[in-house]
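This report describes selected features of one protein model. Please consult the sequence and the structure shown below while reading.

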Amino acid sequence: MWAGPLVFGVPGGLLRDASLRDSARAMRLGARGSEEWMSRVRYAKGEEDLALTNASVQEARDGVAVDSSERVRVIRCVYETDAESVQAIVPKPLELLAQPEVEVRIESRLIPGESDEAVELRTASFSIRIAYDDRPGLYPITTSVSCESAMRIGRERYGEPMKLAAIHYDASSAGVSIEVERRGIAFLRATGRPVEELPSCDEEVVSYCFKAFPSCGDAKAFDQDPQLIRVEDRFRFERVFRLEGGLELWESAFDPVADLPVRKQVIFEWAEGVRERHARVLRPVPGEWLLPFLHQRFDEPNILGSEV
C-alpha cells in the first residue's frame with residue numbers, strides 16, 4: 001500500500017505554496033466556458049502562470065527539495081558483465097571502474113496526474129557503473145518509461161535516454177515479477193521473492209547524462225557541444241528486502257541489453273520509501289566524444305555495433 005502525502009509539481013520544481021496552486025486551479029475551473037476563458041490563449045503563459053513558475057524557481061534557489069514526497073518502490077539488480085563490452089560503450093569523460101558492473105533499477109512511483117490525482121509512473125533504467133572526477137555513479141544507456149510526459153521531461157530536461165515502454169510491474173511482500181516490453185518485444189524480466197529483511201537506509205544515486213542537440217544541418221553532428229549533467233536521486237528507504245531470484249535479458253534489436261550478459265549477480269533487492277531529485281550542468285563536452293553513442297537514445301535496429 002502506498003502511504004504518505006503527495007505534493008504536486010509544476011515546471012521547474014515542486015511548488016509548496018498551496019495557496020498559489022489552489023487559487024490558480026480554481027481560476028481555471030471557474031473560467032472555463034466564460035467569456036474570460038474564451039479570451040485567453042493558452043500557448044502563452046499569463047501572469048498567474050508565471051507566478052507559479054517563478055515561485056517554484058525561487059523555492060529551488062532557497063534549497064527546497066524537489067519531489068521530496070514522491071513515494072517509490074525500487075527493484076535493484078547489480079551484476080558483473082564482460083569488461084570489453086563495458087569499455088566499448090562508455091563515452092569520455094566518464095571513467096570506467098575496475099569491476100565491470102551493470103545496475104538495473106526498476107521503479108514504481110506516484111506522480112501528480114492532470115486532474116491533481118496521483119498516477120503511477122514506472123521506469124526501468126539500465127546503467128553502467130562508472131565514475132566522474134573520482135565520484136562513483138551510473139551512466140544510463142537506456143531507460144524505459146511508462147508515461148509519455150515523463151519521457152519528454154527526462155529527455156529534454158536531464159538528457160536521460162528515455163523511451164516509451166510497457167512495464168508490467170507486480171511487487172508485494174510475497175515477491176516481485178517485472179517485465180519490460182518495447183515494440184512488441186520483451187527484453188528484460190526480473191523475478192524473485194523476499195528472503196531477508198534488511199535495515200532501513202538512505203541511498204544517494206548519482207547518474208551522469210548528456211544533454212545533446214543533434215544538428216539541424218548536414219555539415220556537423222551537433223548544433224552545440226553536448227552538456228554533461230549530474231542527476232542526484234536521494235532515497236530514504238523504510239523497508240528493504242534481499243531477494244532470491246534474478247534477471248533475464250532477451251534479444252531485441254531496439255533494446256540490445258543482452259549485449260551485456262549477466263556473468264555474476266551481485267545485488268538483488270526490493271525497497272520502498274521516498275525520493276527527492278536534484279540536478280545540474282557540470283560541463284560541455286566535445287561532440288566527437290558522444291557521437292558514437294548518441295544512437296543509444298533512439299531506435300536504430302540496423303546498427304551493426306562495435307567489435308569487442
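## Basis of the report

Contact means that heavy atoms lie within 4.5 Å. The model is predicted: local features need pLDDT of at least 70, side-chain atom pairs count only at pLDDT 80 or more, and totals for chains, interfaces and linings use all residues. Residues are numbered from 1 along each chain as its sequence is written, and side-chain values use heavy atoms, with hydrogens and water left out.

## Glu-179 and its surroundings

Leaving aside residues up to four places away in sequence, Glu-179 touches Ala-166, Ile-167, His-168, Ala-186, Leu-188, Arg-189 and Trp-250. Glu-179 belongs to strand E10 (residues 175-182). Strands (E, at least two residues) and helices (H or I, at least four) are DSSP runs, numbered from the N terminus.

Is Glu-179 buried or exposed? Buried means under 20% relative accessible area, exposed over 50%, and partly exposed in between, using a 1.4 Å probe and protein chains only. Glu-179 has a relative accessible area of 18%, and it is therefore buried. The side chains of Glu-179 and Arg-189 are joined by a polar contact of 2.8 Å. A polar contact is a pair of N or O atoms within 3.5 Å; within protein, one must be able to donate a hydrogen and the other to accept it, and residues adjacent in sequence count only if both atoms are side-chain atoms.

## Strand pairing around E13

Two strands pair if DSSP finds at least two bridges between them. Strand E13 (residues 227-249) runs antiparallel to strand E11 (residues 185-198), with 10 bridges between them. Arg-189 has Glu-248 in E13 as its bridge partner.

Strand E12 (residues 201-211) is also antiparallel to E13, through 11 bridges, and Glu-203 stands opposite Phe-235 in E13. A further 15 bridges join E13 to the antiparallel strand E14 (residues 264-284), where Ala-279 stands opposite Val-231.

## Nonpolar cores

A nonpolar core is a set of buried Ala, Val, Leu, Ile, Met, Phe, Trp, Tyr and Cys residues joined through side-chain atoms within 4.5 Å. The largest such core has 44 residues, of which Leu-94, Ile-106, Phe-126 and Leu-188 touch the most other members. A second, separate core of 8 residues includes Val-72, Val-74, Phe-237 and Ala-271. In soluble globular proteins, nonpolar side chains tend to be buried together.
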